[in-house]
Amino acid sequence: MPLPSVWYQRIVFESVGRICFGEGIPVRPVLPIEGFSFRGGELFCESVPLSRLAEVYGTPLYVYSHAEIRRRFQELQAALSAVDHLICYAVKANGNLAVLRALFRMGAGADIVSGGELFRAVRAGVAPDRIVFAGVGKRPDEIELALKTGVRLFNVESLPEAEAIGRVAERLGVRAPVALRVNPDVDPETHAYTTTGKRGTKFGVDLDQALAAYHKMRELSGLEVRGIHAHIGSPVRSLEAYSLALDRLLGLLDRLRRDGFTIDTLNLGGGFPIRYREDEAIFTPEEYAKRLLPRIRESGCTLIVEPGRYLVGNAGVLLTEVIYRKETPEKTFLIVDAAMTELIRPALYGSFHHIYPVCELGSGEERVDVVGPVCETGDFFAKDRMLPRSQAGTLLAIFSAGAYGFVMASNYNARPRPAEVLVMDDRHYLVRERESYEDLIRGERIPEELWDDGREETER
Ligand code: LLP
């Protein structure tokens, strides 16, 4: 293939980082994604062209790179190796069974927040003693299921919840291993909707009430108090916030040990950032380790971390096709076949996601809004974005869609949820079928009497 046009370079520069060039132009790596690369002007997931996946499975389509997930997991494992640790993957980020299986096979545990996530994790073959269970509203049936499964730790978010867990455990004749989720009141400087470790949010127990809560939990015979947990937000771009939270948790740990508690686990939660855009300053796992591990090692505790986005966010793209170009006096809209129903992050948080054609176009650039077909003005992927000029039929990749993409998908506007594909080198697997119209109405029923048109008529 001839070498890239200006657009090719631009795509490389702005979106994908370590690109395989064939002919090789040295371009600064930007988004460090190895699972996706341009070759000869075409975007590949590992060894498979995305255009081929669109042909086989249709669009909109989620595509995940197994190699990218593995690289991230191994990087994090290596960075944390100085302490006894367990990476509990946050299932909420991407709960596809194949993604879960891939991570569990690499050695990950699971951070879950519901009976449903527990069910998924178990189906994907997680070791029960690698599961931690968080969430502010665990119901008795979910607690029972978790106890019967034999999870490693409950991250308890309030005293009433501790009591509920204690009651279920007593009924089952077991003791529930628990950590208290502490709200350390630090500002992760992220979106308000995903800020969780600041006073006034619904999560955890405030630091100044934590000691009393631990003493109360110790009195509950169904509980075995083992750890301290905190999750301050998502994504967290500064190490400062983690460091401050750790200081506060270690202060509490000291005090608890003086009071005779046996605490062997420190869970610092998830929130590790990824680059959605090239100018985003984020920390690396090595920097995290350098800053935090010495203090954790000194504490003698096992470290648990709960990353979701970091492991899968940049390992996924949402593939979509332009249905129409719509030109108005104000704007050019690219109307695509994906919508806020497939990826809600731009609509919900104003999040930025890179978007690029999967095949080099070479026909100039233009400023566009990329929008979906859903009947909401908030249904957009990008506004006033410079993109290569696209036509109806052009395939676009929406990047960094591996985390909080499919899992937040909905059937709004009666849109079937998309298919998901996992790529492993030159192999591609359909890991979730596209929903059908029949799937849309599964479980719905029309009461018999509503079929009686005549009666409605007379009542009127
Ligand atoms: N642990 C706990 C207790 C959490 O609540 C979360 C995320 C995580 C771990 C994983 O966070 P991560 O490492 O993936 O950042 N929908 C939002 C993110 C919500 C995160 C909620 N909790 C988004 O699309 O950005």
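An oxygen atom of the ligand is 2.9 Å from a polar backbone atom of Gly 308. This is a predicted model, where local features need pLDDT of at least 70, side-chain atom pairs count only at pLDDT 80 or more, and totals for chains, interfaces and linings use all residues. Residues are numbered from 1 along each chain as its sequence is written, and side-chain values use heavy atoms, with hydrogens and water left out.

| Residue and atom | Ligand atom | Distance |
|---|---|---|
| Gly 308, polar backbone atom | oxygen | 2.9 Å |
| Arg 309, polar backbone atom | oxygen | 2.8 Å |
| Asp 111, polar side-chain atom | nitrogen | 3.2 Å |

On its own, the ligand has 580 Å² of accessible area, and the protein covers 91% of it. Such areas come from the Shrake-Rupley method with a 1.4 Å probe.

Around the ligand are 18 residues, each with a heavy atom within 4 Å of it. Ser 234, Glu 306, Arg 345, Tyr 349 and Tyr 404 come nearest. By class, this shell has 6 nonpolar, 6 polar and 6 charged residues. Asp, Glu, Lys and Arg count as charged, and Gly is among the polar ones. Domain 1 (11-65 + 313-440) and domain 2 (66-311) both give residues to the shell, so the ligand lies between them.

The ligand sits in the largest pocket, as more than half of its atoms lie within 2 Å of the grid points. A pocket is an open set of points on a 1 Å grid where a 1.4 Å probe fits, with protein on both sides within 12 Å along at least five of seven lines; lining residues have an atom within 4 Å of a point.

About 810 Å³ of space lies in the largest pocket. Of its 38 lining residues, Thr 194, Ser 234, Arg 309, Tyr 349 and Tyr 404 are closest to the centre.

Note on methods: Polar contact = N/O pair within 3.5 Å; in protein donor to acceptor, adjacent residues only side chain to side chain. Domains from an automatic or database assignment. Points joined across faces, edges and corners; volume = space filled by probe spheres on them.
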